[in-house]
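The sequence and structure come first.

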Amino acid sequence: MKFNGWFFLFILFLCSFMLPVSSGAAPETFVKTVKNGYAVYHSPGKPGAGQALVVALQPVAGEKLKNESQLLSMTFLKREFQLEAVAGGWRGIVAVPLGTAAGTYDLVIKSQAGVALVLPVAVNDRDYGEQRLTVKREMATPMRPENLAKIKRDRHNLKVAYGASGSYLLLSDKVRAPLNSRLTSPFGTRRLLNGKPKSPHGGVDFKAAIGIPVAAAASGQVVLAEALYYSGRIVIIDHGLSIFSLYMHLSEIDCRVGERVDRGQIIGKSGKSGRVTGPHLHWGVKIAGVFVDPLRFVDDSKHLLTIPWDAENGEAENGKSKL
Ligand SMILES: [Zn+2]
């Protein structure tokens, strides 16, 4: 059969309709909205449940704001999130809790004077599936008084650690996974421990034998480094703006509370301490009390450092100057 050149062109023409419509922008770039004298940028445009959302604001050139040097904060889905003043604007991060239904929710930006603006943000829901695990009874439902007392002390220590986040961003590079290995359990699965429903999986589990070096995912400050009942030996690093990374079930801790760590610095070794079914590394990212998928945060975190500040607005020549 002779192949007809026109027929080939016709097929090419048809194929062009099957390509995704491209606006020329990458899917994860910022959406810009101008409202109440501010240019507001957010990325991704439509976050999912269990995902972070980077937000940046800039006063629009020529607009006189009531109180330009004010401190701003944000609320989203009834939670408070920080905003950091940077050259020419503000930046911050909010998180969509697991289990959030698809819909549009108000991101409320507040100043000392009250509500500065309200930005509706569309959210995708996401079902991460279910997982059944079997652990020792005293680990699933502790009964012994000494264990209950330990859990109570742990809760207090965690509250102190999470309560003292820096009001400015400490991470200076995109987040990187703490070790190179395959996942044995993804983020967000609804968990049944010995048949009883428990909190969904707040992080990811990496396959790791005992003693594999674990690296800090980003620069920050160690706020917890001790053994907890459920988490075993755990390290929590504050990355500022209420962004924390968690490393659990370690066999060894190689850092101290208060220590500043760089991305890639070894902070401990993998193990099987705490509530586990075998040795692995549990890695989590928590933003103002909300667990987000750490692997998605690897990509989302870079948007905190690449905000597309508009040079026409404010005094910012290049918003990255202070980053
Ligand atoms: Zn885990």
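**Overall fold**

Among contacts in the protein between residues at least 6 apart in sequence, 67% join residues at least 24 apart. The model is predicted. Its secondary structure comes to four helices and 22 strands. Of the 323 residues in the protein, 38% are buried.

**Three-stranded sheet**

- Three strands form an open sheet in the order S9-S11-S12, and the pairing is mixed.
- Strand S9 (130-133) and strand S12 (196-198) are the edge strands; each has a single partner strand, so one side of each is left without a neighbour in the sheet.
- On average, neighbouring strands of this sheet are turned by 30° against each other, with direction ignored.
- The pairing between S9 and strand S11 (residues 190-193) is parallel and runs over four bridges.
- Within that pairing, Gln 131 has Arg 191 in S11 as its bridge partner.

**Hairpin S7-S8**

- Strand S7 (residues 103-111) pairs with strand S8 (residues 114-123) in the antiparallel sense, over nine bridges.
- The two strands are joined by a hairpin, with two residues linking S7 to S8.
- Thr 104 stands opposite Ala 122, which belongs to S8.

**Helix H3**

- Helix H3 spans residues 145-162, which is 18 residues.
- From its first C-alpha to its last, H3 reaches 26 Å, close to the 26 Å expected at 1.5 Å a residue.
- H3 is hardly covered, as the count of buried residues among its 18 residues is one.

**Backbone geometry in loops**

- A cis peptide bond leads from Ser 43 to Pro 44, with omega near -5°.
- Pro 44 lies in the loop between strand S2 (38-43) and strand S3 (51-59).
- Asn 36 is not a glycine, yet its phi is positive, at about 50°.
- The loop that holds Asn 36 runs between strand S1 (31-35) and S2.
- Asn 36 has 15 other C-beta atoms within 10 Å and is therefore partly exposed.
- Ala 288, also not a glycine, has a positive phi of about 45°.
- Ala 288 is placed in the loop between strand S21 (280-287) and strand S22 (290-292).
- Ala 288 counts as buried because it has 20 C-beta neighbours inside 10 Å, and the cut-off for buried is 20 or more.

How values were computed
Residues numbered from 1 in each chain as written. Predicted model: local features only at pLDDT ≥ 70, side-chain atom pairs only at ≥ 80, totals over all residues. Pairing = 2+ DSSP bridges. Axes fitted to C-alpha atoms, helices over the stretch in contact; angles between N-to-C directions. Buried ≥ 20, exposed ≤ 12 C-beta atoms within 10 Å, placed from the backbone. Contact = placed C-beta atoms within 7 Å. Expected span 1.5 Å × (residues − 1).
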